[in-house]
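Please read these notes alongside the structure.

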Amino acid sequence: MNEQTERLLVVDDEPAVCRVTAQRLERKGYDVTMATDATGALDLLAQKGFALALVDMRMPEKDGLWLLKQIWRYHPGVCVIMLTAVADVRTAVDCLRQGATDYLLKPVPGDVLTLTVERALRERRMKLELERYQKHLEEKVQEQARRIRQLYLGSVRSLAISLEAKDHYTRGHSERVAEFAVRLAQHLGLSKADTGLVDLAGLLHDIGKIGVREEVLNKPGRLTSEEFEHVKLHAALGAQILEPIAEDPRLVKAVLHHHENWDGTGYPHGLAGEAIPLLARMLKVTDVYEALTSNRPYRPARSPEEAHGIMEEEIGTVLPPEVTTAFFALLAEPSPAAAPLSAPADSEAASPAVANTSPTPSASKDASPQRKVLAPAGAQTPAQTEKEKTDAQP
Ligand SMILES: [Fe+2]
């Protein structure tokens, strides 16, 4: 801003002094307004964009120090030069401590007045310029950080998709879990932002399987206990992958805890009940349902009714009661706009015959909670049917 266009305010209870000071500054090209008391000055400051105020220290009612404090509080962009007729070092120090830019003794010689004003305005311009520059820099840094996060998340998402692309049977699993979880979030009345987070959590919940050995991931038969322990690491590993870039720590928690059981028998931390984060509980339910209603090499997809029955038996032990009940309610709703919840996108794998001939499918590769639903790791019960035992291998 050009100094000629910067507005100045002169505040002095003596109209003659006020006028003389204003005229000197006007002669230098400044746009000057006068006020003869502190409250009037404050009103003017609120209405117009002043750059600088020259304030007389001694005024009846509210004095210059009071006005200085008000300016500092409500108009921090205005610099203030205090004027006084008394040479008082303590007062001068007080003024500077309260935020005044300078302090002049009356009567002020004309050149001293204008030089002091010019210097104060120059410093103000530099300060404003620095603030603008810092703000610009901060915005650039934030924008850059946002882009990097987006790129990283995009890469992680691509990795998750690539991971599933290697497996005919779990292809599209994460997308479908995300779809179910989003609809569950909407059903539960979660905010738009939280629904977006649920979507991301659904897509990335098994990202940690990147760290699972491929021979284990693709093993067609039953996993050994050691192999199952290895697969279980995917929950913690997924959280580690996401932690440096997740904007919301709930995303990391959701991925970390998506295999916890309501009764505390799940992993990785054995959390129970409400201690399991809501997003993780939502992933658990939708992950189980998606897995049950999808084809696996060792069994065809179960019907929604069968899946419902299996899951119902696990409410309160493996599955969280409220979230599961809400999910059942959602399943019962007509969903004209969305794809049917019970139809996996990977419908080409619908035939058990195809499943039996595939070279890669494995019950172990998803380490999926549906096996947990049927039997927690290492805790298969005699009551299990042969099919359940197959599903429940570690
Ligand atoms: Fe998982």
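**Notes on the sheet and the helix packing**

1. In β2, Val11 has Ala35 as its bridge partner, and Val10 stands opposite Met34 of the strand. This is a predicted model, in which local features need pLDDT of at least 70 and side-chain atom pairs count only at pLDDT 80 or more, while totals for chains, interfaces and linings use all residues. Residues are numbered from 1 along each chain as its sequence is written.

2. Strand β1 (residues 7-11) pairs with strand β2 (residues 31-35) in the parallel sense over five bridges, where pairing requires that DSSP finds at least two bridges between two strands. From β1 the chain crosses through helix α1 (residues 15-27) to β2, in a β-α-β crossover that is right-handed. Helices here are DSSP runs of H or I with at least four residues, and strands are runs of E with at least two.

3. The open sheet has five strands, in the order β2-β1-β3-β4-β5, with parallel pairing. Its edge strands, β2 and β5 (102-105), each pair on one side only.

4. Helix α9 (residues 225-242) packs with helix α10 (residues 249-256) at an angle of about 165°, their axes being 7 Å apart; angles run from 0 to 180 degrees between N-to-C directions, and the axes are lines fitted to C-alpha atoms, for helices over the stretch in contact. The two helices, α9 and α10, are therefore roughly antiparallel, a term used for angles over 145 degrees. The contact (C-beta atoms, placed from the backbone, within 7 Å) involves residues including Ala235 and Leu242 of α9 and Leu251 and Leu256 of α10.

Methods:
Angles under 35 degrees count as roughly parallel, over 145 as roughly antiparallel, 65 to 115 as roughly perpendicular and the rest as oblique. Two residues are in contact if their C-beta atoms, placed from the backbone, lie within 7 Å. A crossover is right-handed if, with the strands pointing away from the viewer, the path from the first strand over the helix to the second runs clockwise.
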